[in-house]
Amino acid sequence: MALTATTAQARDHCLAPSRTIDAPLANASKYGRMFPELPPVSEEEPLVLALGRSGGFCDGSAMADDPGCDDARGAAGWPLFGQFIAHDITADRSSLQEHADPDSVRNFRTPRANLECLYGAGQVGSPYLYDRDDAPKLLIGENDEGEPADVPRNRQGTALIGDPRNDVHLFVSQLHLAFLKVHNGLVDRLREDGVAEDELFDEAARATHWHYQWVIVHDFLPRLVGADLMRSLLDSGPRFYRPQGDAFIPFEFADGAYRYGHGQIRHSYRLNDFSGDLPLFPDLMGFRPVPAAREVDWSHLFEMPGAEPPQPAKKIDGRLARSLIELPLEITGDVAVEEYHSLAVRDLQRGHALSLPSGESVARAMGEQPLTREQVGLADSGWSGETPLWLYVLKEAEVRQDGERLGPVGGQIVAEVLLGIIDADPDSQRVVDPEWRPTLPSVNGNFELADLLRFASYR
């Protein structure tokens with residue numbers, strides 16, 4: 001396709017077919033399975049609840065009394081970015097229950113890394129997300145000092161965003177804001193380069209998508225699963241996630257391996273130079289305006305050029321911080337079972353309700369040596385069977401990677417699915433223009449999330 005003289009000079013122009021941004025959100029899609037032949041874990045629900053409840057096997061509250069004892073080397077922001085990705089590609093609105101019909105569970109997000117949480121149903125379908133005074137731009141809110149430093153909100157403080165879950169806590173809300181600013185900054189750059197006004201929105205949205213997808217493939221995943229596994233997948237393709245027809249999100253990913261990030265949440269966080277140390281819940285609860293004093297300085301959560309080292313994430317070790325074991329009512333709502341205030345219980349219960357296989361059986365199916373009972377360490381908790389997949393992935397990371405990143409089972413599932421849904425998206429960068437490279441500035445020549453956040457910070 002020949003480019004016009006105008007678009008050929010545009011720094012952020014992407015060679016791609018037009019994308020139907022204004023179409024209504026797709027109908028809910030089905031989840032699926034990577035290992036449909038494997039049997040479920042056989043233990044009964046009371047034991048599942050016992051593992052995750054306050055004081056149980058997964059309760060890491062006591063570690064908060066020994067600061068730094070479970071610090072990892074990786075930066076604290078990465079599991080928060082992982083949560084942002086999760087909200088972009090999955091939304092399961094089914095309730096917790098002892099047994100679920102997997103065929104009835106729907107994913108209310110398209111299985112694409114396309115920032116649906118940012119753009120909603122587009123300028124026509126979700127006009128409240130867009131700036132009426134500058135049509136190609138997304139709407140940004142102001143904080144209590146009049147600065148453009150919050151997501152847009154109505155007068156009651158409710159966020160006006162494409163996915164309300166992105167306001168659940170301060171960090172994911174501020175990440176959402178950063179991507180709003182990235183899109184708007186790309187509109188400014190494209191406008192400076194002479195792109196026609198009626199093309200600005202589509203071009204900026206596409207460039208935002210592609211920078212985001214690049215970061216997932218070339219920055220986020222190598223840190224999480226290891227550079228060797230990513231090189232193998234990029235060279236040889238997936239071994240286990242091979243959807244026939246449309247892409248889907250496997251239960252083993254959504255309700256098992258990709259919940260690894262819950263194990264990386266710190267006991268407390270510094271937001272900026274003045275905030276002090278605060279637990280995620282209840283102190284950093286979302287669903288309310290973000291004052292200037294709570295604005296996140298990303299150098300405290302990611303390695304940023306010229307800044308002091310950031311706070312580390314917590315090691316992945318099968319234990320969750322107190323703020324996740326004792327979720328506040330604003331997060332859980334009224335619960336019939338007291339244990340449902342624990343995110344560990346919720347993670348274990350989802351796997352149990354959906355009849356997920358054990359981690360050991362998935363390891364065998366992958367040709368990996370499973371962890372031993374001693375390495376998992378559940379015997380003293382009265383657990384006699386094999387390990388729920390979610391907990392196995394956490395323990396595997398601890399045993400095989402010293403809690404720094406995912407092990408072979410968790411890493412394979414996560415990397416194959418995230419790479420797979422990008423490669424199955426006909427509008428993705430890897431499909432449309434494999435030779436494309438990020439156009440936004442990079443400090444060291446290898447474009448990373450830190451570069452995206454730096455660009456957003458100057459908008």
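User: How do you know what classes of residue make up the lining of the largest pocket?

Analyst: In this predicted model, the lining counts as 19 nonpolar, 11 polar and 10 charged residues. Asp, Glu, Lys and Arg are the residues that count as charged.

User: What makes a residue part of that lining, and which ones are closest to the centre?

Analyst: A lining residue has an atom within 4 Å of a point of the pocket. There are 40 of them, and His-87, Arg-165, Arg-259, His-262 and Leu-343 are the closest to the centre. The pocket itself has a volume of about 1,300 Å³.

User: Which elements give two or more residues to the lining?

Analyst: Those are α3 (78-89), α9 (251-254), α11 (329-332) and α12 (343-353). With 5 residues, α3 gives the most.

User: Happy with that! Now, why is α7 called oblique to α8?

Analyst: The axes of α7 (residues 197-225) and α8 (residues 227-236) cross at roughly 125 degrees and come within 7 Å. Roughly perpendicular covers 65 to 115 and roughly antiparallel starts over 145, so an angle between those ranges is oblique. That is why α7 is oblique to α8.

User: What makes the contact between them?

Analyst: On α7 the residues are Val-217, Leu-221, Pro-222 and Val-225, and on α8 they are Ala-227, Leu-229, Met-230 and Leu-234. By class, 8 are nonpolar, with no polar and no charged residues.

User: How do you know that β1 and β4 pair?

Analyst: Pairing needs at least two bridges, and 2 bridges join β1 (residues 29-32) to β4. These strands run parallel, and Gly-32 stands opposite Pro-250 in β4.

Methods
Residues are numbered from 1 along each chain as its sequence is written. This is a predicted model: local features need pLDDT of at least 70, side-chain atom pairs count only at pLDDT 80 or more; totals for chains, interfaces and linings use all residues. Side-chain values use heavy atoms; hydrogens and water are left out. Axes are lines fitted to C-alpha atoms, for helices over the stretch in contact, and angles run from 0 to 180 degrees between N-to-C directions. Helices (H or I, at least four residues) and strands (E, at least two) are DSSP runs, numbered from the N terminus. Angles under 35 degrees count as roughly parallel, over 145 as roughly antiparallel, 65 to 115 as roughly perpendicular and the rest as oblique. Contact means heavy atoms within 4.5 Å. On a 1 Å grid over the protein atoms alone, a cavity is a set of points where a 1.4 Å probe fits but cannot get out, and a pocket is an open set with protein on both sides within 12 Å along at least five of seven lines; lining residues have an atom within 4 Å of a point. Grid points are joined across faces, edges and corners, and a volume is the space filled by probe spheres set on the points.
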